[in-house]
Amino acid sequence: MTSVQMSKLPPVLQNLPLPIIGSPLFIISNPKLVIAQCTSGVLGAMPALNARPASQLDEWLAEITEALAAHNRANPLRPAAPFAINQIVHKSNDRLEQDMALCVKYKVPVIITSLGAREEINQAAHSYGGVVLHDIINNRFAHKAVEKGADGLIAVAAGAGGHAGVKSPFALIQEIRQWFDGPLALSGAIANGASVLAALAMGADFAYIGSAFIATHEARASDAYKQGIVEGTSDDIVYSNLFTGVHGNYLAQSIRAAGLDPENLPVSDPSKMNFANQAAKAWKDIWGSGQGIGAIRSVRSTAELVDQLRQEYRAARSRLLALPEV
């Protein structure tokens, strides 16, 4: 397959109002944000582990499901985009089986899996017709995910917020598209509509946007964190594995506030990683962020952000169509 061919998308991912997936933000995403994303035309997502205690996930899934159904009844010509739940598949997540059972109960349309690919999780989603997207940082992991039954991939390229890889999006997308024609999202410094169009031009089906949604009213982030996103640029992003054992991108000012030197961080031992505990503790004070935050100029509602992305996407597409043919 070449990057100019059309992908094979399952029905739930067809005809989205915008080709955007809101990435699940650890600690920050919540039902309020997910509902606002979906009703604005973006596929909203939330990590299952954000619900604490675990019993809260049942309540949150009921809230999201009921709110989107109500929106669709009231707006039959403008239905909401579907939503996704992110499952951390790492062995340290002792809630995985329980959380996945709730996803099956509510028939969550899309499951996003991270930090490992497991066949039984994919099978559980497929049991009710759900779709699984697995995030990867290189082509080798992409092959493994599809071999284990993932329906689609999220290519986490250089510059993505939180846990991220180091591959250029050009290299990563072109390698995956040489053999995979299923759903493919691209993550990495995408924060405006022109970048969304660029992701599609490279061969992705969706742009995967996270940091821009931190600076929204609905996001469960502190005012200081949101302002840090607004004021920051790519020069303020630090790549380190110190905080969770997995390399990721973080705002330098939050690292300084924790009493650390962002330019001289020690290296963590990945073999001792306990993701669920370490990440929850770390990301309360160490703020994940992607390199695209220079495009974010204010804190606003999710609807306002999505409307701007839509306008920028249309403007970029118009500029592209105006270019001379070759």
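Colleague: Why does Gln87 count as buried?

Modeller: Buried means under 20% relative accessible area, exposed over 50% and partly exposed in between, with a 1.4 Å probe and protein chains only. Gln87 has 0% relative accessibility, so Gln87 counts as buried. This is a predicted model, in which local features need pLDDT of at least 70 and side-chain atom pairs count only at pLDDT 80 or more, while totals for chains, interfaces and linings use all residues. Residues are numbered from 1 along each chain as its sequence is written, and side-chain values use heavy atoms, with hydrogens and water left out.

Colleague: What does Gln87 touch, apart from residues up to four places away in sequence?

Modeller: Contact means heavy atoms within 4.5 Å. By that rule Gln87 touches Ala48, Leu96, Asp99, Met100, Cys103, Ile111, Ile112, Thr113 and Ser114. Gln87 has its place in strand β3; helices (H or I, at least four residues) and strands (E, at least two) are DSSP runs, numbered from the N terminus.

Colleague: How do you know that Asn86 is buried?

Modeller: The relative accessible area of Asn86 is 6%, so Asn86 is buried. Asn86 lies in strand β3, residues 83-88.

Colleague: What makes the approach of Asn86 to Ser114 a polar contact?

Modeller: A polar contact is a pair of N or O atoms within 3.5 Å; within protein, one must be able to donate a hydrogen and the other to accept it, and residues adjacent in sequence count only if both atoms are side-chain atoms. The side chains of Asn86 and Ser114 are joined at 3.0 Å. The Asn86 side chain also reaches the backbone oxygen of Ile112, at 2.8 Å.

Colleague: Why are β4 and β5 said to pair?

Modeller: Two strands pair if DSSP finds at least two bridges between them. Strand β4 (residues 110-114) and β5 have four bridges, in the parallel sense; in one of them, Ile111 has Val132 of β5 as its partner. Strand β5 (residues 131-136) is mostly covered, with five of its six residues buried.

Colleague: What is the handedness of the unit made by β4, helix α4 and β5?

Modeller: A crossover is right-handed if, with the strands pointing away from the viewer, the path from the first strand over the helix to the second runs clockwise. The β-α-β unit of β4, α4 (residues 119-126) and β5 is right-handed. From β5 the chain crosses through helix α5 (residues 139-147) to β6, and this crossover is right-handed too.

Colleague: How are helices α1 and α12 placed relative to each other?

Modeller: Two packed helices are described by the angle between their axes and the distance between the axes. Axes are lines fitted to C-alpha atoms, for helices over the stretch in contact, and angles run from 0 to 180 degrees between N-to-C directions. For α1 (residues 31-40) and α12 (residues 302-321), the axes come within 9 Å and cross at roughly 35°. A crossing is left-handed if the near helix is turned anticlockwise from the far one by less than a right angle, and right-handed if clockwise; α1 passes α12 in a right-handed crossing.
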